[in-house]
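Work through the exercises below with the structure in view. Try each task before reading its solution.

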Amino acid sequence: MNKEQILNAFHFRHACKEFDPEKKISREDFDYILETGRLSPSSFGFEPWKFVVVQQPLLREKLLPVTWGAQKQIPTSSYFVIILARTKKDLVADADHIRNIMENIQQLPEEVVKRKGEIYHRFLETDFKILDNERVMFEWACRQTYIALGNMMTAAALIGIDSCPIEGFDKDQAESILRDEGLLEGDRFGISCMVAFGYRVKEPRDKTRQRIEQVVEWVQ
Ligand SMILES: Cc1cc2nc3c(=O)[nH]c(=O)nc-3n(C[C@H](O)[C@H](O)[C@H](O)COP(=O)(O)O)c2cc1C
């Protein structure tokens, strides 16, 4: 794949408002999109996310009234993903999740687990100063989920699949719906954002962006 093809994919990608309900993304293509989310980078490699794929029509129906930014995307998308981010409970240095990643996923030796845990704690407490604020801790995890979000949308565009990122929802109400379904695992997760995938029904408006000189400042 050359640079022109990659840039073409960036032009192809747009926030698709409505998908063709008759044209479904294959499971193989969607697994490829999810894989690019899974492979995304995260701070310290702690992967503070979960991707909930909402295919059940009843749950989509429940989400519709609290998701003003996805009124057409929820009913028409082939796959509708709610990206969850971990909350402070799961992000403090001595949380089970952090220990599990270091020991069982990264397979670090015990002394490295200890040292990395100390550095991580200092990072939260002193460097970033986020440890005393639950919301900021959660938002820090959310920031990382947006890398996965971007990667999945780009990966989709590269194979001709449309998407729409979604922040147009009432967080409390949407989380309450997921909580009732047992999807927030005792408030260890909150909703970061959502993203819909499918095939467009109509061509988008021309892309509008600031010029490159307006967004890039060179210091040399
Ligand atoms: C974090 C984020 C949240 C967004 N939320 C919504 C949304 O709820 N509904 C929607 O239709 N578009 C949403 N958008 C799409 C933006 O409006 C869109 O990306 C922007 O206008 C640029 O247009 P383009 O993506 O088509 O190039 C969101 C985009 C981002 C990055």
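**Exercise 1. The chain as a whole**

Task: Find how many helices and strands the chain has, and in what order they run.

Solution: Begin with the source: this is a predicted model. Next, count the elements. The chain holds 10 helices and four strands. The order is α-α-β-α-α-β-α-α-α-α-β-α-β-α. Last, take the extent. The C-alpha trace spans about 55 × 55 × 30 Å along its principal axes.

**Exercise 2. Two packed helices**

Task: Describe how helix H6 and helix H7 pack.

Solution: Start with what is needed. Two packed helices are described by the angle between their axes and the distance between the axes. Locate the pair: H6 covers residues 96-105, and H7 covers residues 110-127. Their packing angle is about 140°, and the axes lie 10 Å apart. Now classify the angle. Only angles over 145 degrees count as roughly antiparallel, and roughly perpendicular covers 65 to 115. H6 and H7 are therefore oblique to each other. Finish with the handedness: H6 passes H7 in a right-handed crossing.

**Exercise 3. The shell around the ligand**

Task: State which residues come nearest to the ligand, and sort the shell by class.

Solution: Then sort by class. Five residues are nonpolar, four are polar and five are charged.

**Exercise 4. Contacts and burial**

Task: Give the distances from glycine 69, lysine 207 and arginine 209 to ligand atoms, then the buried share of the ligand.

Solution: Take the backbone first. A backbone N or O atom of glycine 69 is 2.8 Å from a ligand nitrogen. Turn to the side chains. Lysine 207 places a polar side-chain atom 2.5 Å from a ligand oxygen. For arginine 209, a polar side-chain atom lies 2.9 Å from an oxygen atom of the ligand. Close with the area. Alone, the ligand exposes 620 Å², and the protein buries 64% of that.

Notes:
Residues numbered from 1 in each chain as written. Predicted model: local features only at pLDDT ≥ 70, side-chain atom pairs only at ≥ 80, totals over all residues. Heavy atoms only, no water. Near = heavy atom within 4 Å. Polar contact = N/O pair within 3.5 Å; in protein donor to acceptor, adjacent residues only side chain to side chain. Areas by Shrake-Rupley, 256 points an atom, 1.4 Å probe, with all protein chains shown as cover. Nonpolar A, V, L, I, M, F, W, Y, C, P; charged D, E, K, R; others polar. Axes fitted to C-alpha atoms, helices over the stretch in contact; angles between N-to-C directions. Parallel < 35°, antiparallel > 145°, perpendicular 65-115°, else oblique. Left-handed = near helix turned anticlockwise from the far one by under 90°.
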